[in-house]
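This briefing covers aromatic contacts and charges placed over rings. Please read it alongside the structure shown here.

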Amino acid sequence: MYLPHWSFNPYIVLLTFVFTSLQLAAQPAGQAIVKGKISDSSSLAGLSFSGIKIFKSNDKKLEHESVASEAGSFLVELSYGRFYAQIDFMGYKPYKSAEFTLSKEHSTHDFGIIKLTPSANTLQEVVVQSEKSSMVLSLDKKIFNVGKDLANAGGSASDILTNIPSVSVDPEGGVKLRGSGNVRILIDGKPSGLVSFKGGSGLQQLQASMIDRVEIITNPSARYEAEGMAGIINIVLKKDKRQGFNGSFEVTSGYPTNLGGAANLNYRHKKVNFFVNYGISYRRQPNEGRLYQEVYGKDTTFILKQTNNGMLTGFSNNIRGGIDYYFNETSILTGSYLFRRSDANRKTNIRYEDYLNNASKLTSISTRTQNEDEVESNSEYSLIYKKSFGQKGHELVGEIKYLDNWESSRQVFNQHFFQANGTENIAKAIIQKSPNDEYEKQYLFQLDYTKPISKEGKFEMGLRSSLRNMQNDYLVTEKNASGDFLPIAGLDNNFFYRENINAAYGILGNKTKKVSYQAGLRAEWTDVKTTLAETNQVNPRSYMNFFPSTHVTVDLAKQNAIQLSYSRRVRRPVYDDLSPYMTFSDSRNFFSGNPDLNPEFTNVFEIGHIKYFDKGSLSSSIYYRSTKDKIDRIRRVNAEGNSSTRPENLLSEKAFGTEFASGYTPYNWWKLDFNFNFFHADIDGSNIIKSYKTSTYSWFARQTSRFMFPKNFDMQLRGNYEAPQKTAQGKRKALYYIDLSMNKDVFKGNGTLTFNVLDVFNSRRNRYITAGPNFFTEGNSQQRRRQVNITLNYRIKQSKQVKKVSEE
C-alpha cells in the first residue's frame, strides 16, 4: 500500500486506536448489570428502541437513560444501590418496575421479558413523553428514524438518504456510502424492483412518508448477502402492530412542481393485523448543464462547448398492503404486496458549438432534442412465516418473494446542423426513433434458523436462492429520404441476462463477561449468462466464492464499547453494467455497459468505538478496504470528439478512513447531530492506461441542528460539504449545500405542518474534470434545483411524541 510522505500515518493511528482501547478495557468495569427485553404483550414482538430510565430509590434521581436495541433488548451497567426502572414506548402504557437492589451478592438483575400493553388513551389524546431519537448508534449498525428529520417531509427515499450520515447522494441520484458507490440497497431487508433498472436513482419514485427508518450496516456479517463492498443500506417501510385502527395522511405541495399525497393505515384485531401504505406524486424537475472539451490532434485542437437543459415530468403511484396472521404467540404468517407505476416524460435540448484551435474560431453549430415517454411498473409479492420455539431467541423464518418489473420507453430525436453564421444545412437534418422494452422477473427463497446455545451464545444458519431473468429489446431507427424509418446498423438487438445465485451461511457467537464474539462463513455460487440474440454473442460466467466474517465486541467501563470486525465482500456486475446498449439522447457522449466485466472483491477491516453519555452518544471508527478488479467508469474520446463511457475493471483500490457520528442534546430545546468522514484511496488503473494511477484524500461533513421552541414549534438547519476527490481520470470538485426546515403542530396535536427548503442557495451541482491521452473534459450540471415544500400530516388515533419544552 502506498503511504504518502507526510505526518498522517494510518498504521500509527490504527495502533494508537487499539492501544487506547486496550487501556480503556483495563479500567475497572461497572459493578452490576441490569438486563431484559421489552415486547408487545400480545405478539411478543420486540419493541425497538423503547425508552429506558433507571432512578435511584432514595432520591428519585435519574441514574441512567438509554434506548433498547432493535430487538427490544437492553443491558445496563450500574453501581451498587437500590433502584427502580421506567420503560416507555409510543402508543403503550408506561411500565414502572418494583424496586430492586444491586449488591456484591446480587450483581445481576434480569427483568426477563417486559410486556407492554397498548394504551387506550392513545386513541383520544396526545401522550407527552421523551422524544424518540432521530439517530440510534450501535456498533454493528446505525439506525435513523425518518419521521424525526424535518427535511424529509414531502420528499422521496432519495432525499432521505441525502440527509443520513455516512451516505451521500450525487446530483444524478447515485448513492455512496463512505465515499464508495458500491453499496447494496435493500427494502425491508430484501432486494427490490425499486432499484433494479435505475439503481439508487430509482428511489426518487418512493415517497418518504412510506418509510419508517433507514439502517446503515458498514461491515455486514455472513447473515447478509455478500453484495456491496461499502456495506448495506436497508430501507424499512412503515407497518404498525398496535391493537385497533390507526393511521396517518399527508399532502404536499412544492416548487418546482411537487404535488403529492400519502396514506398509512393499520388495523389490528386479536390475531389479524392489516396494513396499507399508499402514495401518489406529480413532479416537474428542470435540469441544466454545460460541458467544455478539448480533443488534441497532431497539429490541431478541436474544442466543443455543449449546453443542456431539460424537464422531467413524472407521475407515480405506490401501494403496499399486507396482512399478519398470528396463529398463536409463537407462529406468524405475513403476506404482502407492493405495486408501483411511474409515467414520465423527458424533454432535453442540447446545443453543440464546435471550434478549431481556440474558442474564437467557431466552425459549426448543431442542436439535438429528445422527447421520451417512459412507463415503469414494479410488482412484488412476499410470503413470510416465522416460528418461535420455547427457548428465547430460538426461531425459524422462511420467505418466498417474487418480483415482476418492466419498463417501456419511446424516444424521438431531432437533430439540426448549422454553419458558423447560423445558416441551417437542411439536407443533414436527422430524425431518429428508439423503442426500448425491458423486463425483469426474480424469484427469491430464503430460510433462516437461530438457536441459542449456552447462556449468551447462539448459532445461526440459513439458505438463500435467487433466480433472476432480464431482457432488453433495443432498437434505434432513422428516417431516410423516402420517409421510412430503418434500423441503424449495430443498434438492433435483444439482450438477455440470466443470474442465479445460491447461498448458504453459518454463524457461531457467544459472550464471556465483557467480550462477545461471532464468526461466520457464507458460500455463494453464481451463475450468470448474457446473450445478444441477433448477433449470437453468448457470455457465460460461473464461480464459487466464500465470504468469511468476524466480529468481536468488548464492553468497557462507563458506557463504552469497542468492536473489531472483518468481512469479505463482492460487487458482481449487474444488468446495467453488462448491457452493451449505448444511451442515444446525446449524439456526442455515449454511455453503455461492458459484457466482459468481471466481479470485484473486497476485504474490509474495521475498528469501531461507541460511548454513551447522559446527553447523547458518540461513535467512531477506523476502516480499511482492499479491492481487487475495482469497477469504475472510463471515458474515451475518438478523433471526431465523440466520447464513450463504460465500466472497466481496474487493477485495484486500497482505501482507509476514519468516521465520527454523534448525537448530542446540550439543552432540552437544542439537539445536534454531527457526522465526519475522512478517507484516503490509492487507485490503480494502469492496466487501462499507465497514467491512470492516483492517490486521493477527501472528506465530507454533515451537521444538523434542531431547535425546539415553545408551542410545539421546531426549526432545523443542516449543512453538507463534500471535499474534492481525485479519480483515475481526473477529479470530482467540491459539493456543498444547506437545507432549512421548520414545523408546527396543528389540530390539537393531531397534525403537523412542515415547511422546508432543500438546497437553500441552489449550490448542489455536479462538477468534474476528466482527462485522457488525447482529451480534456470539464463538466458542470444540476439535475435537481432548489426545492421548496410545504407538507401537512394528519394522524388518526395515533400518538405523537411531544417535546417537554417549558413555555416560560
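One aromatic cluster is formed by Y667, W669, W670, F707, F709 and F713. The model is predicted, so local features need pLDDT of at least 70 and side-chain atom pairs count only at pLDDT 80 or more, while totals for chains, interfaces and linings use all residues. Residues are numbered from 1 along each chain as its sequence is written, and side-chain values use heavy atoms, with hydrogens and water left out.

**Aromatic pairs**
- The whole structure holds 25 aromatic pairs (rings of Phe, Tyr and Trp, the latter by its six-membered ring, with centres within 6.5 Å; planes under 30 degrees apart are stacked, over 60 edge-to-face, the rest tilted).
- F413 and F584 pair edge-to-face, at 6.0 Å centre to centre and 70° between the planes.
- F413 belongs to strand 22 (residues 395-419) and F584 to the loop between helix 3 (575-578) and strand 29 (589-591), 171 residues apart (helices, H or I of at least four residues, and strands, E of at least two, are DSSP runs numbered from the N terminus).
- F413 and F584 are both buried (under 20% relative accessible area with a 1.4 Å probe, protein chains only; exposed is over 50%, partly exposed in between).
- F495 and Y581 are also edge-to-face, with 6.2 Å centre to centre and 75° between the planes.
- Because F495 lies in strand 25 (residues 485-512) and Y581 in the loop between helix 3 and strand 29, this pair ties together parts 86 residues apart in sequence.

**Charges over rings**
- K96 has its charged end over the ring of Y84, 4.8 Å from the ring centre (NZ of Lys or CZ of Arg within 6 Å of the centre and within 35 degrees of the ring normal).
- The charged end of K428 sits over the ring of F417, 4.7 Å from its centre.
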